[in-house]
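Please open the model in your viewer and keep the selection tool at hand.

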Amino acid sequence: MALDGIRMPDGCYADGTWELKMNVTDLNRDVSLRVTGEIHIGGVMLKLVEKLDVKKDWSDHALWWEKKKTWLLKTHWTLDKYGIQADARLLFTPQHKLLRLQLPNMKHMRVKVNFSDRVFKAVSDICKTFNIRHPEELSLLRKPRDPKKKKKKLEEAEEEALELEGPLLTPGSASEILYIGPVKGSIYSSPGLYSKTMTPTYDSRDGSPLSPTSAWFGDSPLSEGNPSILAVSQPITSPDILLKMYKPQSLLDKAKINQGWLDSSRSLMEQDVKENEVLLLRFKYHSFFDLNPKYDAIRVNQLYEQGKWAILLEEIECTEEEMMMFAALQYHINKLSIMSSDNHLNNSEKEIDEVDAALSDLEITLEGGKTSNTLGDITSIPELADYVKVFKPKKLTLKGHKQYWCTFKDITVSCYKSREEAQGTPAHQMNLRGCEVTPDVNISAQKFNIKLLIPVADGMNEIWLRCDTERQYAQWMAACRLASKGKTMADSSYNLEVQNILSFLKMQHMNPDPQIIEPITTDINPECLVSPRYLKKYKNKQPGFVRDLISARILEAHQNVAQMSLIEAKMRFIQAWQSLPEFGVTHFLAKFQGGKKDELIGITYNRLIRMDAGTGDAIKTWRFSNMKQWNVNWEIKMVTVEFADEPSLAFICAEVDCKVVHEFIGGYIFLSTRAKDQNESLDEEMFYKLTSGWI
């Protein structure tokens, strides 16, 4: 036997080579190669392809190390540098694999995704394919399991998956991949889909999505498919769909859902995601930047859908009046969606005047409706002065609201016993910078309350303001919201905010003497428009009576929104969703340092909230603007947050990796750095620095 064929006890041969075992997943074939530790990864793949002798485009393939759960993408690194020895087993497998995505509209799509990219990059590529701007707001979530179901059912089999095998790889991301074998054209090239100057995606005349293919996707491979499912709302066809879906029963259930967020700084394969697995694509960060219906037909629709399902599945609380308003908007959107789909089947080549469309955009934005014709005196800061009822809740007291003459100057509310004493020393004074502002409104009872949680050294001071009229409430509520951000009523958004609040209240009005009401025999299906809780409210009534009663209320509320265009109705729905007190709060179960029981940590776009796990009441709030730094002790899984002028905050995450909480904090900090004048490229490295914990 030749000397170089002698195998030593340690598995190496006398010439210093050893056998590296690999599995080629496409062929389901095991292959062994004689290698040395000095050979680089590119050389290993080259020898492997030569030994296979199969004519195939191997350019998308790479090596995956099963034991270490890592991709060997640095093709110039040697086996020794990676630490690979004879006991290692590698997979030679495609980087792009099929994934089943459930979109916010609950529809499933099969998409080819790069399993070797970090999740942040993979989501960015998915959003480019779907033509969704600002992909940094979205991420992937594992499907929550309903504890009541003993066996996992293949619910996705009930959905027809639209298979989208469009290219997702951008030109620069393949630089570390060694291209081996003949390449039959570039199958993974970037279409470069969206920009601020792209073709408008909605019709300025009726607010419906424009041109089901060309306007959305241009030359994208998706234009050959059926992308209309992404931009056109599809009504819920049966109440059974709602009954089958998982509904969180408590705040703890909501916190458990958030355990499923994937780590944005690691790849899908590193997190044990399998090919054809179902993942949820959702808006993770509730901070929607530059939401412009002119370019965001798909993004607006998916946001509307996520809000719709959150309300129907009772993931977020709302009053009965608000529920009827949301139901009326859904009904209106469903009707217009069907009409616009029919219209565009006959005419998909409408031309839009760019100037008219741009002017329309000014009236349909999240910040409000029509702008004022008068600029006013910009040299003076507006003030509010009126009689307002003030209430400070205390334990073991039943004392009601006390009326004060209140003045609102800059960001401070001063309370006087009477109007005549307004020049003297106030009985109470409140600086609202950094406070929490929560509405408590009941239109039918004419209750217009503003709940203020004002941060102090030992927690939060709770103050309630009660207004007498809708206009007074809108003015004071708008001023409080601006003051909480450190802004005064001189800010240009004040009047828009007042109009938004008034519009929001108007949509909840029930018309006492309706002029025109559609017959109850209409196609309205109330079981698909309101959450099960409001159906159970009438459980002692006859089913037919309940259906007619709720239908009548929805149709009554519909009169307040009947004149809206499709895109305006969706934007109004999103705006109303954002106005709910619980909007944008992501819950996690945590144990605070010094605490004896499990509590909740709530994270929003600008603050951290310590909450009672049973009631959801806020105990203490910390603003990101007052935060110096945050760190994680990875050994004991403790998150520590330091503030400029407050004691530090420390808590241990229960039932969830503290990395998820760390990423939420860093993600919102990253989103706060966005500006409209910057280009649309994302600073990925900055995102990873803020969210990955430097590990």
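A crossing of two helices is left-handed if the near helix is turned anticlockwise from the far one by less than a right angle, and right-handed if clockwise. This is a predicted model, in which local features need pLDDT of at least 70 and side-chain atom pairs count only at pLDDT 80 or more, while totals for chains, interfaces and linings use all residues. Residues are numbered from 1 along each chain as its sequence is written, and side-chain values use heavy atoms, with hydrogens and water left out.

Select residues 470-484, helix α11, and residues 493-507, helix α12. Helices here are DSSP runs (H or I, at least four residues), and strands are runs of E of at least two, numbered from the N terminus. α11 passes α12 in a right-handed crossing. Among the residues of α11 that meet α12 are Tyr473, Met477 and Leu482; the α12 side includes Tyr494, Ile501 and Leu505. Contact means heavy atoms within 4.5 Å.

Now display the whole protein. Its secondary structure comes to 17 helices and 24 strands. Of its 695 residues, 53% are buried (under 20% relative accessible area, with exposed over 50% and partly exposed in between; 1.4 Å probe, protein chains only).

Next, select Leu101, Phe130, Leu140, Leu268, Ile554 and Trp577, which touch the most other members of the largest nonpolar core, a set of 73 residues. Such a core consists of buried Ala, Val, Leu, Ile, Met, Phe, Trp, Tyr and Cys residues joined through side-chain atoms within 4.5 Å.

Finally, centre on Trp577. Beyond residues up to four places away in sequence, Trp577 touches His286, Phe288, Phe326 and Phe583, among others.

Methods:
Axes fitted to C-alpha atoms, helices over the stretch in contact; angles between N-to-C directions.
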